[in-house]
Amino acid sequence: MLLRAPATWSTPVVAAVAMLLLAAVDLAAAYATKEAVVRRSPSWALAGVALFVLLFYVYASSLQYAELALVTLGWVVALQVGVLLLDRFHYGQALSADKWVAVGLIIAAQVYLLAAPGFSSQPAQARGPDVVHVVLDGAVDVHQVPASRV
């Protein structure tokens, strides 16, 4: 059973929420895992494992609404921002101004890729029927079937 978004939400909104939720869960899992190593704590390790399982459950659920590449790239962009903020404010890691400029350019390029016309926020089912190749007795037969039956 996968997570379901409210029917009143548009596909781009669901995709954006999924990206942010994935980044938040991934960041929390990474934090728990780091704390498990630093503190040698089995409870932190268990929390990290549980969060990573949740991460892939949310990821699988998000693919009902948006394309794999779109969700993954959006997740990575948001995660990168989260990691930088966590390192800066929790662990006290400071980046020089030139590194922040490089980070900004990289994130801007990734946001551009997300906003590029080639990315679709429509799930595969909304684009039309899939083509299925059926091989029976060595002969190939091509059929178009609704994605819901594939």
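Biologist: Which residues form one aromatic cluster?

Modeller: Tyr31, Trp44 and Tyr91 do. Bear in mind that this is a predicted model.

Biologist: How many aromatic pairs does the count come to?

Modeller: Three aromatic pairs. One of them is Tyr31 with Trp44, whose ring centres are 5.6 Å apart with the planes at 85°.

Biologist: Why is that pair edge-to-face?

Modeller: Because its planes stand at 85°, and an angle over 60 degrees counts as edge-to-face.

Biologist: Where do the two residues sit in the chain?

Modeller: Tyr31 is in helix α1 and Trp44 in helix α2, 13 residues apart, so the pair links distant parts of the chain.

Biologist: And what about Tyr31 and Tyr91?

Modeller: That aromatic pair is tilted, with 6.4 Å from centre to centre and 45° between the planes. Tyr91 lies in the loop between α3 (68-89) and α4 (97-115), 60 residues from Tyr31, and this pair also links distant parts of the chain.

Biologist: How accessible are Tyr31, Trp44 and Tyr91?

Modeller: Tyr31 has 22% relative accessibility and counts as partly exposed. Trp44 is partly exposed at 26%, and Tyr91 is partly exposed at 25%. Buried would need under 20%.

Biologist: Which residue lies over the face of Tyr91?

Modeller: Lys34, at 4.0 Å from the ring centre. Elsewhere, Arg88 lies over the face of Phe89, at 5.6 Å from that ring centre.

Biologist: Back to α1. How many residues does it have, and what is its reach?

Modeller: α1 has 29 residues and spans 41 Å from its first C-alpha to its last. That is close to the 42 Å expected at 1.5 Å a residue.

Biologist: What comes just after α1?

Modeller: Arg40, which takes a positive phi of about 55°.

Biologist: How many residues line the pocket, and which lie nearest its centre?

Modeller: The lining has 13 residues, and Leu3, Ala5, Val14, Ala18 and Leu21 are nearest the centre of the pocket.

Biologist: How does the lining split by class?

Modeller: Ten residues are nonpolar, two are polar and one is charged.

Biologist: Tyr59 next. Where is its place, and is it buried or exposed?

Modeller: Tyr59 is in helix α2. Its relative accessible area is 15%, so Tyr59 is buried, the cut-off being under 20%.

Biologist: What separates the C-alpha atoms of Tyr59 and Thr72?

Modeller: A distance of 8.6 Å, and the two residues are 13 apart along the chain.

Biologist: Now the overall picture. How many helices and strands are there in the protein?

Modeller: Four helices and two strands. Along the sequence they follow the pattern α-α-α-α-β-β.

Biologist: And what percentage of the protein do buried residues make up?

Modeller: Of the 150 residues in the protein, 27% are buried.

Terms used. Residues numbered from 1 in each chain as written. Predicted model: local features only at pLDDT ≥ 70, side-chain atom pairs only at ≥ 80, totals over all residues. Heavy atoms only, no water. 1 Å grid on protein atoms, 1.4 Å probe; cavity = no way out; pocket = protein on both sides within 12 Å on 5 of 7 lines; lining within 4 Å. Nonpolar A, V, L, I, M, F, W, Y, C, P; charged D, E, K, R; others polar. Phe/Tyr/Trp six-rings, centres within 6.5 Å; stacked < 30°, edge-to-face > 60°. Buried < 20%, exposed > 50% of the residue type's maximum accessible area, 1.4 Å probe, protein only. Lys NZ or Arg CZ within 6 Å of the ring centre and 35° of its normal. Expected span 1.5 Å × (residues − 1).
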